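Subject: Structure for you to look at

Hello,

I am passing on a structure for you to look through. Please open it first, then read the notes below it.

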Amino acid sequence: MAFIPHTEGDVADMLAAIGAASIGELFDEIPPGLRVDELPGVPEAISEMAITRLMQARAAQDQGALCFIGAGAYEHHIPAAVWEITTRGEYYSAYTPYQAEASQGTLQLIYEYQSMMASLTGLDVSNASLYDGASALAEAALMAVRANRRSKARRILLPRTVPPVYARVAEAIAGTQGIEFCRVDYDTASGTTPVAALAPWENEDVTAVVIPQPTFLGSLEAVDALTDWAHARGALVIAVVNPLSLALLKPPGQWGAAGADIACGEGQPLGVPLSSGGPYFGFMTTRASHVRQMPGRIVGRTVDLDGKPGFTLTLQAREQHIRRSKATSNICTNQGLMVTAATIYMSLLGAEGLARVAASSHANTRRLVDALSALPGVERALSGPCFHESVLRFDRPVGPVLEALATRDVFGGYDLTTDFPELGHALLVCATETKTAEDIAHYAGALADVLKQQKVA
Amino acid sequence: MTEPLIFEHSRAGRFARAQAPVVREEVELPADCLRAEPPVLPEVSELQAVRHYTRLSQRNFSIDTHFYPLGSCTMKYNPRACNTLALQPGFRGRHPYAPASHSQGFLACMFELQEMLKGVTGMQAVSLTPMAGAQGELAGVLMIRAYHHARNETHRNEILVPDAAHGTNPATAVMCGMKVVELPTDADGDVDIAALEQAVGPNTAGIMLTNPSTVGVFERKIEQIAKIVHGAGGLLYYDGANLNAILGKVRPGDMGFDVIHMNLHKTFSTPHGGGGPGSGAVGVGARLQPFMPIPVVGREGDRYRWQDEKDLPQSIGRLSGFMGNAGVLLRAYIYMRMLGQEGMRQVGEFATLNANYLAARLKAAGFELAYPRRRASHEFIITLKRMAKDQGVTAMDVAKALLDYGFHAPTTYFPLLVPECLLIEPTETESKEALDGFIDAMCDIMERAVRDAEHLKGAPWTLPVRRLDDVRAARQLDVAWRPGSVDA
């Protein structure tokens with residue numbers, strides 16, 4: 001029996017202790033008509049050796065391309081130590097640290113994580129994680145409604161430069177709770193949100209303004225001016241940021257005169273593998289004054305009966321297992337293992353290492369853009385600086401170009417045509433620190449071939 | 001022995017050089033975009049980081065190191081193959097937006113996982129995207145809401161929830177804009193049918209049920225409940241927290257449920273990870289299929305592809321940035337393939353055998369079962385109200401004392417309606433020897449409560465810390481280290 005240790009003798013002894021004749025008898029309270037014998041669609045068991053063969057073959061099938069896609073999930077080098085330590089059984093197979101005395105390892109690690117995220121974002125307090133970046137924005141919107149008591153409107157201004165899927169997720173999760181997301185237009189020349197685009201809400205009740213940095217298009221918003229606009233009108237500011245970029249970019253806590261109120265985003269760039277889109281983790285930090293409105297687990301440092309320092313889950317009165325229908329969120333389990341990886345990653349890289357990764361990603365993307373935009377029929381679509389992603393405009397539809405590149409084992413980028421039709425035949429490209437000069441030259445060479453072979457539509 | 005904070009190992013200028021690009025490249029960005037001061041992150045060597053986090057790991061109880069009978073959490077063994085195989089380069093490095101041409105291996109696993117989950121639950125279709133049980137619940141209630149709205153029955157805004165339910169149930173219902181109507185539980189742990197008949201009406205959107213319930217017994221009147229709720233125009237939601245108890249024996253789809261979520265990190269043995277990642281896949285009956293969260297994997301001939309807004313225009317939408325916790329889903333797939341049809345049945349059987357054995361032995365030793373007239377499912381509740389009254393030793397004291405014996409504590413004070421309770425779930429992967437060791441410890445504690453109650457009230461004694469001051473933690477909030485803050 002797979003993973004079940006019982007011998008026949010054990011079963012006989014245990015049934016005798018229970019006073020049952022068979023294991024089947026233990027199910028005698030289930031109405032007989034409901035019981036099943038067959039599970040359609042479930043094959044017979046295979047051994048670890050056989051599943052290894054199968055999974056090796058399937059993994060190999062998907063492997064081997066050079067990837068220049070970003071769009072919210074980024075390929076970075078992950079030090080070997082990160083997942084060696086993270087998958088130790090003591091982290092991997094523990095649960096939420098309800099019994100603090102038996103969970104000091106996980107609790108201290110989360111406290112260290114919270115400290116790192118607070119410093120990275122320039123805010124006071126962090127929670128222990130949310131599911132991912134997109135759902136973190138939904139939770140931030142709900143939190144802003146709770147925290148901004150002056151606003152009655154439940155209205156969140158959401159620039160189009162926020163990742164489009166974040167907007168969809170926020171709508172799916174928070175839209176049913178009476179929150180109105182108003183889309184704010186952007187300037188197609190720079191790919192950023194001008195303050196003037198907020199004018200329609202100049203005299204309206206606005207609960208919060210979301211500001212992405214960098215934008216989904218890789219561009220950099222005028223975060224100071226946007227933050228000040230929001231605060232001048234009593235709105236809170238929700239920063240959606242790439243945590244890696246904060247090694248270089250101004251942290252949300254220092255935006256404008258007063259700083260953003262909530263920062264959130266996708267934690268994946270901090271040591272979490274691409275892994276088909278998850279598991280990743282969402283992060284959230286805020287000002288100390290808003291901590292009681294924050295969703296999710298929070299770890300605090302305290303002392304034990306002997307006065308010795310220790311760590312425990314705190315402010316649990318916000319949470320579903322205490323407050324039930326009045327909780328700040330229904331979140332229970334979060335993404336603990338991913339936080340473990342991120343904490344080890346940040347410890348190994350330090351501020352200097354993170355800055356080098358961010359700077360290399362920035363420089364490589366610039367090189368990639370230079371190489372690709374030198375080809376006939378390809379040009380830079382946006383003016384202004386970018387962090388580590390950029391938009392290229394083609395003289396023909398992007399879809400067939402990407403397909404042709406894929407047959408050459410190059411993933412050329414993310415096709416923006418559906419979400420940003422006004423940008424024309426636009427492609428979002430990314431080259432992180434993992435890309436060498438040869439990789440970039442290889443992409444440029446492959447693209448030159450493809451463009452020559454394909455006719456302009 | 002305390003382990004210092006990682007920041008206390010830090011020295012200015014120290015750097016794990018091998019882990020970063022060799023040079024810091026020029027950055028061409030406007031000065032007003034840049035940060036003035038670097039963030040405060042540790043400056044440590046690779047060895048210091050490895051040693052620190054290895055040492056911290058040793059301050060945890062886990063399934064790999066300790067019996068972990070945490071009720072309602074299904075802390076079963078997480079087979080190592082699931083992790084090793086899911087972390088192969090082809091899976092680990094696959095970008096979520098990789099083209100379908102380079103995704104067939106991964107998508108085949110996801111499609112087959114959907115099919116297997118349909119088979120074990122008796123549902124019509126499965127969406128894998130919810131990222132935890134609570135998000136699966138959210139998806140479920142949003143689908144129920146969408147169903148009523150599509151039928152122009154927008155007034156249906158009441159969700160029935162038994163008083164024993166997990167806290168996420170009422171919290172989720174409220175997140176979906178619903179009103180919660182609580183249902184009482186009868187003396188034997190079943191839903192009070194008379195109260196249910198009173199509670200249903202024209203505003204009923206549905207009911208959220210866990211079966212076996214959170215009090216550890218099978219809801220015997222489930223068919224009657226389904227009839228009453230369906231008769232009133234409502235739908236039935238199955239909270240899969242306790243699916244392990246009935247795996248391969250009885251299926252939620254056959255009981256009449258319209259929508260379910262499964263906790264893959266419980267029933268299908270993906271890691272709990274110190275509090276996630278979970279995975280809360282949802283299964284639906286025919287009525288709710290059009291509303292499933294996207295994306296789901298479809299098959300056309302021998303090709304697989306993600307189905308999205310275009311395929312499911314009535315979907316409640318997207319709940320994650322990409323497609324849920326894919327790496328967790330791979331682990332569940334590998335686990336299910338290794339168990340197969342026969343292994344699935346054995347999960348339910350041996351989880352139930354272990355729980356009933358533990359319940360019978362503890363009862364014989366003098367512990368009071370909360371529902372003595374009932375079969376245990378995969379878990380059961382004992383109430384320590386007598387010990388609390390006679391010796392002043394509470395369920396919390398017993399939980400902490402168990403830690404000194406090398407056992408993780410059961411779930412304490414849940415469900416709320418049983419006083420001084422421990423909810424005990426051994427799972428099928430524990431041996432009889434492990435269970436016997438736990439029984440011995442419980443008997444020892446019972447005897448000690450009479451002889452030396454103060455010892456138990458002070459427990460634990462052998463762990464890195466003794467009981468922690470939770471009140472101070474909340475009042476003198478210290479949730480982030482800062483340079484210059486004093487460390488004891």
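This is a predicted model. In it, 172 residues of chain B are in contact with 165 residues of chain A. On the chain B side, helix 11 (residues 326–364) of chain B gives the largest share, 21 residues. The residues of that side comprise 87 nonpolar, 48 polar and 37 charged.

Chain B has three domains: domain 1 (6–57), domain 2 (82–339) and domain 3 (349–472). The centres of domain 1 and domain 2 of chain B are 42 Å apart, taken over C-alpha atoms.

Chain A has an open sheet of seven strands, in the order 2-8-7-6-5-3-4, with mixed pairing. Strand 2 (125–126) and strand 4 (180–184) of chain A are at the edges; each has a single partner strand, so one side of each has no neighbour in the sheet. Strands of a sheet pair through backbone hydrogen bonds. Strand 6 (residues 236–241) and strand 7 (residues 262–266) of chain A run parallel and are joined by three bridges. A:Val240 stands opposite A:Cys264 in strand 7 of chain A.

Now look at helix 12 (residues 437–453) of chain A. Its buried residues are A:Ile440, A:Tyr443, A:Ala444, A:Leu447 and A:Val450. Seen down the axis of helix 12 of chain A, they fall within an arc of 130°, so they line one face of the helix. Residues three or four places apart in an α-helix point the same way, because there are 3.6 residues a turn. The buried residues of helix 12 of chain A are covered by elements including helix 10 (336–373) and helix 11 (398–407) of chain A. The face turned away from the buried side of helix 12 of chain A carries the exposed residues A:Ala437, A:Glu438, A:Lys452 and A:Gln453.

Regards

Methods. Residues numbered from 1 in each chain as written. Chains lettered and ligands numbered in written order. Predicted model: local features only at pLDDT ≥ 70, side-chain atom pairs only at ≥ 80, totals over all residues. Domains from an automatic or database assignment. Contact = placed C-beta atoms within 7 Å. Helix = DSSP H or I, 4+ residues; strand = E, 2+ residues; numbered from the N terminus. Nonpolar A, V, L, I, M, F, W, Y, C, P; charged D, E, K, R; others polar. Pairing = 2+ DSSP bridges. Expected span 1.5 Å × (residues − 1). Buried ≥ 20, exposed ≤ 12 C-beta atoms within 10 Å, placed from the backbone. Arc of directions from axis to C-beta.
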